[in-house]
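Hi,

Here's the structure I promised to send over. Have a look, and my notes follow below.

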Amino acid sequence: MNPIAKILIVAGVLLIILGLVWQFGGRFLPLGKLPGDLLIKQGNFTFYFPVVTCILISVMISLLFYLFRLFR
């Protein structure tokens with residue numbers, strides 16, 4: 001099998017697993033509602049930017065890539 005096809009299949013499976021964890025695990029780890037996430041409400045205008053959530057996801061992805069590089 002083509003190596004690119006294998007990578008795409010593995011990436012798809014990982015995304016499905018991540019989506020399920022995010023959907024059902026959201027009760028335990030409220031991503032997007034962490035302290036430090038910006039929420040500004042003024043009249044009809046609402047601005048939301050999940051600063052801390054972005055940092056947390058970035059750290060987790062960096063650790064994942066580090067582990068992939070470590071075991072390569």
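The largest pocket has 19 residues lining it, and those nearest its centre are Leu14, Leu18, Met60, Ile61 and Leu64. A pocket here, on a 1 Å grid over the protein atoms alone, is an open set of points where a 1.4 Å probe fits, with protein on both sides within 12 Å along at least five of seven lines; a lining residue has an atom within 4 Å of a point. Its volume is about 580 Å³, counted as the space filled by probe spheres set on the points.

One caution: this is a predicted model, so local features need pLDDT of at least 70 and side-chain atom pairs 80 or more, while totals for chains, interfaces and linings use all residues. Numbering runs from 1 along each chain as its sequence is written, and side-chain values use heavy atoms, with hydrogens and water left out.

Back to the lining: 17 of its residues are nonpolar, two are polar and none is charged. Helix 1 gives the most, 10 residues (helices are DSSP runs of H or I, at least four residues).

There's also a nonpolar surface patch of about 1100 Å², with Leu14, Ile17, Ile61 and Leu64 among its residues. Helix 1 (3–25) and helix 2 (51–70) each supply at least two patch residues, with the largest share, six, from helix 1.

Cheers

Methods: Patch = residues over 30% accessible without salt bridge, like charges linked within 9 Å, V, L, I, M, F, W, Y side chains within 5 Å. Areas by Shrake-Rupley, 256 points an atom, 1.4 Å probe, with all protein chains shown as cover. Salt bridge = Lys/Arg side-chain N within 4 Å of Asp/Glu carboxyl O. Nonpolar A, V, L, I, M, F, W, Y, C, P; charged D, E, K, R; others polar.
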